[in-house]
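Hi,

Here is the structure I promised to pass on. Please open it beside this email, and my notes follow just below.

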Amino acid sequence: MNAADSTLLSRYGGNLPRYTSYPTAAQFSDAVGPVDSQEWLSALPATQPVSLYLHVPFCDTLCRFCGCNTAVLRDTDARAAYAALLHEELRRILKLIGTGRRVTHLQWGGGTPTTLPAGAMRRVMQVIRQNFTITPDAEISIEVDPRHLPPEYPALLHELGFNRASMGVQDLDPQVQDACGRIQSWEQTRACLDALRNAGVASVNIDLIYGLPRQDTDSVTRTAQAVATLRPDRLAVFGYAHVPWKQKRQNLMPVGELPDAQARIEQRAAIDAVLRHDHFLPVGLDHYASPDDSMARAMRAGTLHRNFQGYTVDGAAALIGVGASAISSLPGGMTQNAVSSAAYARLMAQTTDSLPVVRGVRLEDDDRVRATIIEQIMCTMQVDVDQIILDHDLPASSFDTELSRLAPMMRDGLVSMTARHVRVTEKGRPFVRHVAAVFDRYLSPQTTPLHASAL
């Protein structure tokens with residue numbers, strides 16, 4: 001962003017949701033619980049495919065910037081016991097939806113899933129393969145930590161059918177790593193990627209973060225240039241979300257050295273320039289893909305989606321989350337399991353058939369329509385509001401108020417509109433969440449502090 005555009009920061013600051021769902025998690029409440037989850041799962045048609053997400057809330061060390069639900073757990077038996085709970089929750093889910101159901105996408109996240117003992121990981125994957133039908137083109141993905149990947153794990157992942165791994169890099173600058181408590185050398189990063197590919201895990205994603213303490217445009221440029229030489233299949237380039245009211249560990253960083261909004265925008269632009277120069281295609285707000293990656297193909301075909309894991313090629317209407325803090329997105333609504341592993345274990349022990357759901361939100365028809373609009377904006381940078389109205393048989397005047405709120409963004413060159421077809425411009429790409437927020441009926445001055453910085 002050049003100096004002439006810097007006034008945009010004063011108009012488009014504040015906090016906003018990341019819109020990995022709509023309604024967002026800020027609308028979840030304990031008015032939704034296990035009974036609702038069981039009802040919505042039981043109602044899934046037998047022919048409807050699902051995607052699975054399994055959450056492992058453990059790491060070998062904690063990164064100070066991390067906002068995820070994770071903790072250090074070194075006891076191997078305790079980690080194996082947690083894997084047994086995943087197995088048990090899957091059994092309860094299968095009792096509701098039946099066996100043999102097709103799975104089009106399977107993802108392990110965390111935390112660090114590879115903290116599970118190899119035997120425990122193998123047993124859970126065997127349960128999944130024995131009770132679900134994983135489609136031949138399914139993406140089977142896992143998050144790994146290059147600093148702590150057990151040497152036997154790359155071969156194990158290939159054996160179990162994983163075809164994609166996502167590895168965190170964040171920043172390679174030693175001063176930034178020191179501020180964040182994540183010391184990871186270039187040699188570790190490259191060795192991990194090589195080990196995965198040599199073992200047969202064909203696709204590798206890399207995560208980068210801008211907006212961390214002590215970062216500047218030079219440091220993020222050096223990191224992006226180094227990482228680009230590894231030719232990852234995808235990159236996620238996240239703006240650091242400073243939410244110390246959720247994760248107190250973030251206050252352990254030198255927060256006085258966090259870059260301001262102007263610096264964040266400049267860092268984002270610097271990374272963007274490097275990756276585009278190296279022929280990575282921008283995807284949505286914060287992803288990049290090699291031209292032949294499935295995400296790039298989905299973007300070109302207009303079939304890209306967005307869910308709690310971010311941008312995805314998975315089009316399943318039902319995402320089933322398993323494990324502590326895991327979120328499920330179902331046609332009837334969204335649910336979240338107990339957040340801590342201890343609370344999750346307690347709920348699992350209380351009964352032999354109930355699910356460990358503690359909160360969620362029931363979807364209304366208006367939610368579904370707005371979710372479609374917001375997803376299209378976030379994924380394709382455009383939406384034809386008249387077509388949405390036609391598809392859902394709504395009054396012609398629907399969303400007139402929302403569209404009128406785009407006028408300032410049109411004057412600022414962030415969006416263009418022909419008739420009621422809204423397009424986010426390339427200048428407006430960093431502000432796409434602002435465009436989506438226009439259609440969020442829940443967003444208010446009372447709810448915005450619950451979210452991270454908009455830029």
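Let me start with Asp145, which sits in the loop between strand 6 (132-144) and helix 5 (153-159). Helices (H or I, at least four residues) and strands (E, at least two) are DSSP runs, numbered from the N terminus. With a relative accessible area of 6%, Asp145 is buried (buried means under 20% relative accessible area, exposed over 50%, partly exposed in between, with a 1.4 Å probe and protein chains only). Its side chain makes a polar contact of 2.8 Å with the side chain of Arg147. A polar contact here is a pair of N or O atoms within 3.5 Å; within protein, one must be able to donate a hydrogen and the other to accept it, and residues adjacent in sequence count only if both atoms are side-chain atoms.

Before going further, a word on the source: this is a predicted model, where local features need pLDDT of at least 70 and side-chain atom pairs count only at pLDDT 80 or more, while totals for chains, interfaces and linings use all residues. Residues are numbered from 1 along each chain as its sequence is written, and side-chain values use heavy atoms, with hydrogens and water left out.

Another arginine to look at is Arg429, in the loop between strand 20 (421-424) and helix 16 (432-437). Arg429 counts as buried, at 10% relative accessibility. A polar atom of its side chain lies 2.7 Å from the backbone oxygen of Gly284.

Now to the rings. Five aromatic pairs turn up in a search of the whole structure; rings of Phe, Tyr and Trp (its six-membered ring) pair if their centres lie within 6.5 Å, and planes under 30 degrees apart count as stacked, over 60 as edge-to-face and the rest as tilted. Phe58 and Tyr82 are an edge-to-face pair, because their ring centres are 5.1 Å apart and their planes stand at 75 degrees. Phe58 belongs to strand 3 (residues 58-59) and Tyr82 to helix 3 (residues 76-97), so this pair ties together parts that are 24 residues apart in sequence. Both Phe58 and Tyr82 are buried.

Phe399 and Phe439 also pair edge-to-face, at 6.2 Å centre to centre and with 65 degrees between the planes. This pair links distant parts of the chain, 40 residues apart: Phe399 is in the loop between helix 13 (385-391) and helix 14 (400-404), and Phe439 in the loop between helix 16 and strand 21 (452-453). Phe399 counts as buried at 8% relative accessibility, and Phe439 counts as buried at 0%.

Which residues lie closest to the centre of the second largest pocket? This pocket holds about 700 Å³ of space, and of the 26 residues that line it, the closest to its centre are Arg306, Ala317, Ser329, Ala371 and Glu375. Helix 12 (365-380) gives the most to the lining, with five residues. The lining divides into 13 nonpolar, nine polar and four charged residues (Ala, Val, Leu, Ile, Met, Phe, Trp, Tyr, Cys and Pro count as nonpolar, Asp, Glu, Lys and Arg as charged, and the others, Gly among them, as polar).

On a 1 Å grid over the protein atoms alone, a cavity is a set of points where a 1.4 Å probe fits but cannot get out, and a pocket is an open set with protein on both sides within 12 Å along at least five of seven lines; lining residues have an atom within 4 Å of a point. Grid points are joined across faces, edges and corners, and a volume is the space filled by probe spheres set on the points.

Finally, some backbone details. A cis peptide bond joins Tyr22 and Pro23, with omega about -5 degrees, and the bond from Gly110 to Gly111 is cis too, with omega near 15 degrees. Met381 is not a glycine, yet its phi is positive, near 65 degrees; Met381 is buried, with a relative accessible area of 8%.

Best wishes
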